[in-house]
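Please look over the model below with this note beside it. The points go from the interface to single residues, and then to one chain as a whole.

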Amino acid sequence: MLRARTGSLLAAAAIVFAACGGSATPSPSAAPSQQASPSAAAASAAPSPSAAASAAGTGGTLVVGLDGDMVFADPSLVSDGNSLYVANQVVEGLVGLTPGTIGDVIPVLAASLPKISADGKTYTFTLRTGIKFHDGSDFNAAAVKFNYDRWKAYAKGDLQDNAYYYGAVFGGFGDASNLASVDAPDATTVVFNFKTPQSNFLVSQTLAVFGIQSPTALQKDKADTTPLKDNKYAQGQGESMVGTGPFMFKDWVTGDHVTVVKNPNYWDTAHAAQLDQITFQANLKDSTAKLQALQAGGIDLAETISPADVATAKSSGLQIVDRGQSCNTGYLGMNQSLQSASGGAATPTIYANKDVRFAVAEALNKQGYIDAFYAGAAKAPQSWLPAGTTGYKAENMPAFDVNAAKASLAKAGLSADKLKIDLYYPSNVVRPYMPDPKSLAQAIAGDLQAIGFTVALKTEDWHGGYVSHATGGNFPLFLFGWTCDWAGADNFLYTAWFGWQNGKPNLQFGWNNPQVNTLMTQALQATSPDAANALWAQVQDLAVQDMPTVPIVNSTPPGAYVSKVHGFVGAGNQTELFNSVSIQP
Amino acid sequence: MLRFIVRRVIGAIPVLFGLSIILFLFLRLLPGDPAEAILGQHATPELTAQIRTTLGLDQPLYVQYVNYLVRLLHGDFGSSFVDGKSVADTFLVRFPGTIELTIGALIFAVGLGIPLGRLAARHPNGWVDGIVTVVSLFGISIPIFVLGYTLVFVFGVQLHWLPALGQSDPRLGIPQVTHFAVIDALLTGRPNAIIDSFSHLVLPSIALGSIPLAIVTRITRASVIDVANEDYVRTARAKGLAERRVDDRHIMRNAWLPVATVIGLQVGGLLAGAVLTETVFSWNGVGSWVVSAIQNHDYIVVQSLILIFATIFLFVNLIVDISYAFLNPRIRYS
């Protein structure tokens, strides 16, 4: 119905083109991407439908609206969602995720999941054979070793600064890395040797950041040693992102779009791309503009839309992306030990009192927030982790109960002046777990007033210091959240929240519980998944006794697409692969 | 004339120098910094400090400023803190979009504004004049983003007559050579690509051109009415000249001067308006670049871009002043 009206030359032209892309004979073609390439089509002066009419599967160009621009075209240097969204189509790692899941690890470039030694320090992978990189060079064990060695050897400075994930997963670069060595004894065997066992290794390697790129291409462009301002590979100005995936990097116009085209020689023929090309629009930052672009047909799929726009999108015939398992947690942070912004001594807050923390937890009507601000695409957390995460344990979280909250607060025995509190929320930002921070903060303030607090709302710009003030312990009570890097308990419980740094509790909360830190350190070094999960469960048990923060929501941010798009599989961590997608008018 | 130009160019140097200092300081007064933009949710105090060191943000302000100035004097506008790309390179990719949009808006404003102004001036305070006045008041008072979204909603979403975003339809596979969407489309020689690129220009040009349209209309009207009451116009009519000839030769030629001034001054306003228009229409220009650079605290990019904007503005003003001499032979510069 959306495209029913005609009435201008443009619409006519669009229809001609829609017809071209739509010749749906699902037979694989040898070189569909060449046919779709602009130079071939540009050769003829007439609007040559025959040249563009691809015989390849359903073919055609899919236009995807991202939330912003890529940062680098070298996946090992990125940590932002836009770059990763593109990289996932182009590069592949040893392991990946079953589409639609957030934590189901499957072998990709590895032939099977690795053999893990009894002491948990050695992982041995057998690789698939016959795979080639997009530049035609061979994928093999030496290439895997080259990539891991390359990341480990990143020089201090902007390469290390941007290669956040390598540093975060392996504990640093060079000698500081927990990955002692990667060996390639033969062409199809790769052995990872760790200094200490690392239970998050496999799940973290599903990130596109750890995708294997062609050593030939990397060396040609000196991508390893060149600072980023002169690094053509990283800037996408040359041969970039040379991986093994179903799509190949074509071009990137800064601020505008990234184009990937079908890899005609993809190794996994059963899952080869059906589209000829995907254009990722990088400039759709405004939510209204994004929705209008979908409705007007300028884009076919929007990675995310505002939950506030879901009803409008549905009523105009758009399909809403079902993202299944959530991979984030929005929470109300309570800081027991407020850090002085000017560097003085920290001061204890009312949240150092456990009864106050429970009073806050019991006062919050989480389901009410979910209904009001998340278009229903969220769940009230049953622990500090989203339910699909490895190591998750459902806990008995305090239920919404105003009387219980009042009782807890009375038990805390705060003097009247201590009941005046500040609640911080970020401005100028939309986060997957927090689509409307101000309204959420107002609702929370209302619930806290109902049990006897007097709440003053305070805000800071997300980009203008909010994040560092929250992580630096400068806020007493604040809205924050975490989007998973990978769906492991360690990523939430240790990396995001409760891991100690420099022998001290995370400044965000000042939750001084050494037992938790010990358990987490043990879990990180556990030699088997079961042992690790048991330890993570204990951490969650301790957390629910102490209530250091209040998890508010696990959300599945909505996206939307037009009805001619088929085969799209959404995932809560937005690791979504387009090789299954086709356009069927 | 040459001396006048040289004097104006030399006069611009202290203006730009002062602006560079003010910009430099103001940007750093904003809370937050680029390290946080780079790290996002991973911004721990340790990592933030490490990136600040790499970027040189831990150095004293005057050192940072002198470094920036020295590079600038060598013609180096610097590189983005976030993506490492050189400002000059990205400018060449993104400025063409803004030029196209500005030209589109100017054509809309001038092409419609002058005839409307002349029409209104023909019978001052008549019903035609009333309608034109209402239209121009509407144009000047409606915010660009409201007009933009409304235009997209009506012509893009409801009627499907015109596209809603961007400079061209990526499905057409138009190679970006010059980054001027219209020129790139012309280079393909494909009618559908050419129509596509022009159709993308229509709505953003109207949105951005609405305020200048109103101003040009009002100034033209006032100026024409003014000149029409001059004695020499009455004399021309008394001589029995055809009304059209009076209009073109005697009224418009003299009415041009204030109109040209206003058009020149609008260019600065158009660059400012481009920031909003480019956001609403997902237009890949300098305006949307400034927005994201400010959000990321990408100081070098913002500093250099605003300096470039200022230089363009000064240059356009100079051109306007020079054009007076041609429009009105009585004006002489020395």
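Which side chains meet in a salt bridge, A:Asp300 with what partner? The partner is B:Arg171, at 2.8 Å, N to O. A salt bridge here is a side-chain nitrogen of Lys or Arg within 4 Å of a carboxyl oxygen of Asp or Glu.

1. Ground rules. This is a predicted model, where local features need pLDDT of at least 70, side-chain atom pairs count only at pLDDT 80 or more, and totals for chains, interfaces and linings use all residues. Residues are numbered from 1 along each chain as its sequence is written, chains are lettered from A and ligands numbered from 1 in the order in which they are written, and side-chain values use heavy atoms, with hydrogens and water left out.

2. Extent of the interface. Chain A brings 73 residues to the contact, and chain B brings 61 residues. Contact means heavy atoms within 4.5 Å. The area buried between chain A and chain B is about 5,300 Å². Carbon and sulfur atoms give 56% of that area. Buried area is the accessible area (1.4 Å probe) that two parts lose on being put together, summed over both.

3. Polar links across the interface. The rule finds 1 salt bridge between chain A and chain B. It also finds 15 residue pairs in polar contact, both at pLDDT 80 or more. A polar contact is a pair of N or O atoms within 3.5 Å; within protein, one must be able to donate a hydrogen and the other to accept it, and residues adjacent in sequence count only if both atoms are side-chain atoms.

4. The chain A side. Helix H12 (residues 287–296) of chain A gives the most to the side that touches chain B, with 6 residues. Helices (H or I, at least four residues) and strands (E, at least two) are DSSP runs, numbered from the N terminus. The residues on this side of chain A divide into 30 nonpolar, 32 polar and 11 charged. Ala, Val, Leu, Ile, Met, Phe, Trp, Tyr, Cys and Pro count as nonpolar, Asp, Glu, Lys and Arg as charged, and the others, Gly among them, as polar.

5. A:Asn283. This residue sits in the loop between strand E10 (277–281) and H12 of chain A. Is A:Asn283 buried or exposed? A:Asn283 is buried, with a relative accessible area of 9%. Buried means under 20% relative accessible area, exposed over 50%, partly exposed in between (1.4 Å probe, protein chains only). Its side chain reaches the backbone oxygen of B:Ser282 at 2.8 Å. A polar contact of 3.2 Å also joins the side chains of A:Asn283 and A:Gln281. Not counting residues up to four places away in sequence, A:Asn283 touches A:Gly255, A:Asp256, B:Ser282 and B:Asn284.

6. Helix H16 of chain A. In H16 (residues 402–412), the buried residues are A:Ala405, A:Ser408, A:Leu409 and A:Ala412. Seen down the axis of H16(A), they fall within an arc of 95°, so they line one face of the helix. The arc is that of the directions from the helix axis to the C-beta atoms. An α-helix has 3.6 residues a turn, so residues three or four places apart point the same way. The buried residues of H16(A) pack against helix H14 (354–363) of chain A. On the other side of H16(A), A:Asn403, A:Ala410 and A:Lys411 are exposed.

7. The ends of H16(A). A:Asp401 caps the N-terminal end, with a side-chain oxygen 3.1 Å from the backbone nitrogen of A:Asn403. After H16(A) comes A:Gly413, whose phi is positive, near 60°.

8. Positive phi without glycine. A:Met241 has a positive phi of about 50° although it is not a glycine. A:Met241 is buried, at 1% relative accessible area. A:Asn428 also is not a glycine, and its phi is positive, about 55°. A:Asn428 is exposed, at 55%. A:Asn428 lies in the loop between strand E17 (420–427) and helix H17 (437–450) of chain A.

9. Chain B as a whole. Chain B has 13 helices and 0 strands. Its C-alpha trace spans about 85 × 55 × 40 Å along the principal axes. Of its 334 residues, 50% are buried. Among contacts in chain B with a separation of 6 or more, 74% join residues 24 or more positions apart.
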